[in-house]
Amino acid sequence: MLGVYVHLPFCPYLCPYCDFAKWPLRESMARRYLDALFAEIERDRSVPAATVYLGGGTPNAYDAATIAELLAHLDRRFPGAGEISIELNPELVRDGDFATYRAAGITRVSIGVQSFEPTEIRTLGRKHTVAQIGSVVAQARAAGLSSLSLDLMFAVPGQTPASWHRTLRAAIALEPDHISAYGLTVEEGTPYFAWRAREPQAFFDDEREGELYAIAIEQLQSAGYEQYEISNFARPGHRCAHNVNYWENGEYVGLGVGAASFRGGVRSVHTRSLERYVSASLDGGPIPSEAERLEGRQRAGEAIMLALRTTQGVSLRAFKERYGIDVMTDYAPIVARFADTGLLERIGDSVRLTRRGRFLANDVCGAFITFE
Ligand code: SF4
């Protein structure tokens, strides 16, 4: 299957922890960018896609009619998508948006909630209120959107196990179909990075962050959400097919500034320069990108890393058939090391992360990637 990701990089304000490719919203540039996207969409022949994902940035910094216009362009080039998702910031949702989204083919909305605690929402630099979250969920349901996801964040400065419990309870009370729970990561170059350098005690260490992660797993599972990936929980039938395709090492096309693609064994990433992307696309020239062909160990290491993110882990037989690699033999020292430390386990035909391993997934996955 082919997934299509479209990057909509403008935000009405910039959050101090954010390291995504994003820019403050300016109307003239937002329109030029859209024209550049249309030009990129139309430069190749039509191919069917299974999923479309509009991510950001803040996709709903564009009005709903513009999103519908974009989806009409996408449908001509990538017909047939059964799942079409959009990320939304709650405070930007306007009356009637969901009806327009639904008419344009959107099936799934992912709402950037992060927290139900007003002080944490402010600490993260977000502008919505708790009341707006409930209202947006009710509007989406009333419009008949078939799948609704909430994004939550833990390890936020000032958060406590009790406040994280309250956020999870409030999220579950809204009965979303899907919940993503991400640990805050502090990236170099962000205002949060400077804050942590000044005041490291304001931030969570691994042990305290691990406690919050364990709370999320417990509370969400007991409310009927199955953990299917390190940070993702779904009710039956509501896994995000677009993201599942990434973890199964499927093919995808990324459109827009900084977007990544993976096709025919080649991974490529568009320039993160907004001006260079827009000019190249509007001029019809090649979009500046970096590309590399993934082969041999590198390809297998990437595939193991992606599969380990999922709760079913690496299926040994399927992996051998697809990549010609016997994980238990070819990666024996890594498997043994992490099995001994309780981060990996073998269950039947699969190797997967333990619950503790899920929290330390970067260490385990990094070892598979760099193993020679
Ligand atoms: S709204 Fe999202 S993309 Fe925009 S600055 Fe905040 S976290 Fe980053």
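**Exercise 1. Identify how strand 4 and strand 5 are arranged, and follow the chain between them.**

Solution. Strand 4 (residues 51-56) pairs with strand 5 in the parallel sense, over four bridges. Strands here are DSSP runs of E with at least two residues, helices are DSSP runs of H or I with at least four residues, and both are numbered from the N terminus. Two strands pair if DSSP finds at least two bridges between them. Within this pair, V52 stands opposite I84 of strand 5. From strand 4 the chain passes through helix 2 (residues 64-77) to strand 5, a right-handed β-α-β crossover. Right-handed means that, with the strands pointing away from the viewer, the path from the first strand over the helix to the second runs clockwise.

The model is predicted: local features need pLDDT of at least 70, side-chain atom pairs count only at pLDDT 80 or more, and totals for chains, interfaces and linings use all residues. Residues are numbered from 1 along each chain as its sequence is written.

**Exercise 2. List the buried residues of helix 10 and the elements against which they pack.**

Solution. In helix 10 (residues 274-283), the buried residues are L274, Y277, V278, A280 and S281. These pack against strand 3 (23-24), helix 1 (27-42) and strand 13 (266-270), where contact requires C-beta atoms, placed from the backbone, within 7 Å. After helix 10 comes G284, with a positive phi near 80°.

**Exercise 3. Describe the shell around the ligand by residue and by class.**

Solution. The residues surrounding the ligand are C11, L14, C15, C18, F20, K22, G56, G57, T58 and N89, each with its C-beta atom, placed from the backbone, within 6 Å of it. By class, five are nonpolar, four polar and one charged; Cys counts as nonpolar, Lys as charged and Gly as polar.

Conventions. Buried ≥ 20, exposed ≤ 12 C-beta atoms within 10 Å, placed from the backbone. Contact = placed C-beta atoms within 7 Å.
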